[in-house]
Structure formats: structure tokens, C-alpha cells
Amino acid sequence: TGQHLAGCEAIKKRPDANLLLQDTQATLNQPRLVAQGAKPKNNDLNLKDSTEQAAQSVVSVRSLAPLAAIVGLQSEYHPQRSVVGLLATTDEDYGLLRDAFASTGKREVMEGSVVLIRKSGVDSNTVGPKYYVGELSWWKVLWYNLSERPILLGGAAFLLVLLLALLARNLLRQVARKRLERDA
């Protein structure tokens, strides 16, 4: 890591160190396979099937004012892992990153695959296909799927309340019947 830090210091001293986000364009290329009507099956760039084609996501950023970015993408080598990049070039840009992580309000709006941080605020965007990492318990999967379908959630809530009302009615009838049999 000592060589890595020395290399970073050498890059910072160069006059063209701001090439990433200031006065130039930065391009992020992420090759992936796209099959017609299906999700990518693997990350092998040797295309064996003529229906598969290599696709490329390109993100370009140009800034004349302080700008920092957070970029997240699925690991090309381990699909259950993510790669997160914190991008900044100047001390002001790094200050924006520090302030954004320190502010609860700004952290709450950070989502998606690209987060741009400026003095005016935080802007979150989703670029490319979504992917999921890890597993959820069955009830969290149910809640996640219902949260995106409010009509279905309302219908399920209505059926649950109706079922509970019918159970309560039957229970109260049995209690009343036992009381009447005891009194008679």
C-alpha cells in the first residue's frame, strides 16, 4: 500500500490531475452481455450464441464547479458483490463528499447507481439494469413486492380484515352459545 499511496501523491502533483471531473469528460465503460428477452447469463466476452451481443453503458460527466460522484455497479467477477467508487479530484470535491456523508438528510437521498454531489445538493440516478445482492426473509420479500403495488396491498389488507372479522364473529357466537347453554 505504500507504493499505492506514493503513486496517488505523484498523480495529485501533476498539472493534469483534474482530468476526471473538471474541464474534461470522464467516461465509464462497463461491458455486459445482453441476450434477446433475457438477463445476462455470464460475463464471458467470448460470444458463443449469435443472439447475444455485447452492450456498453457509457456515463459522461463534465463539471466547471465542484462536483463529486458516487458510482455503484455489479462486480464483473463476483455477481453477489458490488463495486462502489467515490469520485473527486480537488480538495473542494472531497469536501463535498465528506459533507454529504456527514449529513443525514443527504445520505437519505443517496440511492441508485450514480449519485452526483454538488453544492446545491445531491442528485441520485439509476443507470442500467437493477441487480440484487443477498437474500431476504420470506416476509421481507412479500413486503417488498407489495410496497410497489399499492392496489394489491390494499386488497390484501381488506381480505385480512375481512378474515379477522369473520373469525371474531364465529368466536363470539361460540361464546354466546356456551353462555346460553349454561344459563338454560
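Mentor: A residue is called buried when its relative accessible area is under 20%, exposed when that value is over 50%, and partly exposed in between, using a 1.4 Å probe and protein chains only. Helices (H or I, at least four residues) and strands (E, at least two) are DSSP runs, numbered from the N terminus. This is a predicted model, in which local features need pLDDT of at least 70 and side-chain atom pairs count only at pLDDT 80 or more, whereas totals for chains, interfaces and linings use all residues. Residues are numbered from 1 along each chain as its sequence is written, and side-chain values use heavy atoms, with hydrogens and water left out.

Trainee: What percentage of the 184 residues in the chain is buried?

Mentor: The chain exposes about 14,500 Å², and carbon and sulfur atoms supply 58% of this area, which is found by the Shrake-Rupley method with a 1.4 Å probe, where for residues only the protein chains shown count as cover. Of the 184 residues, the buried share is 18%.

Trainee: Which are the edge strands of the open sheet of four strands?

Mentor: Two strands pair if DSSP finds at least two bridges between them, and here the antiparallel pairing gives the order β4-β3-β5-β6. A strand at the edge pairs on one side only, and this holds for β4 (82-87) and β6.

Trainee: What is the average twist from one strand to the next?

Mentor: Such angles run from 0 to 180 degrees between N-to-C directions, taken along axes that are lines fitted to C-alpha atoms, for helices over the stretch in contact. In this sheet, from each strand to the next, the twist averages 10°.

Trainee: Which strands does α2 touch where it packs on the sheet?

Mentor: Contact means heavy atoms within 4.5 Å. The direction of α2 makes about 70° with that of β3 (68-74), and the strands touched by α2 are β3, β4 and β5.

Trainee: How many of the five residues of β5 are buried?

Mentor: Strand β5 pairs in the antiparallel sense with β3 over four bridges and with β6 over five bridges. It is largely enclosed by the rest of the structure, because the number of its five residues that are buried is four.

Trainee: Which residue meets K119 in a salt bridge?

Mentor: A salt bridge is a side-chain nitrogen of Lys or Arg within 4 Å of a carboxyl oxygen of Asp or Glu, and by this rule the count comes to one. The pair links distant parts of the chain, 27 residues apart, with K119 in the loop between β5 (114-118) and β6 (121-125) and its partner in helix α2 (residues 91-102). Both residues are exposed. The distance is 3.6 Å, N to O, and the partner is E92.

Trainee: How far away is the nearest side chain of opposite charge from D93?

Mentor: D93 also has its place in helix α2, and it touches P66, L67, A68 and A88, not counting residues up to four places away in sequence. For charge, Lys and Arg count as positive and Asp and Glu as negative, while His and the chain ends are not counted. D93 is buried yet has no salt bridge, and the nearest opposite charge is on K119, at a distance of 8.6 Å.

Trainee: What distance separates the C-alpha atoms of G112 and N125?

Mentor: G112 lies in the loop between α3 (104-108) and β5. Leaving aside neighbours within four places in sequence, G112 is in contact with N125 and T126. G112 and N125 are 13 residues apart along the chain, and their C-alpha atoms are separated by 5.3 Å.
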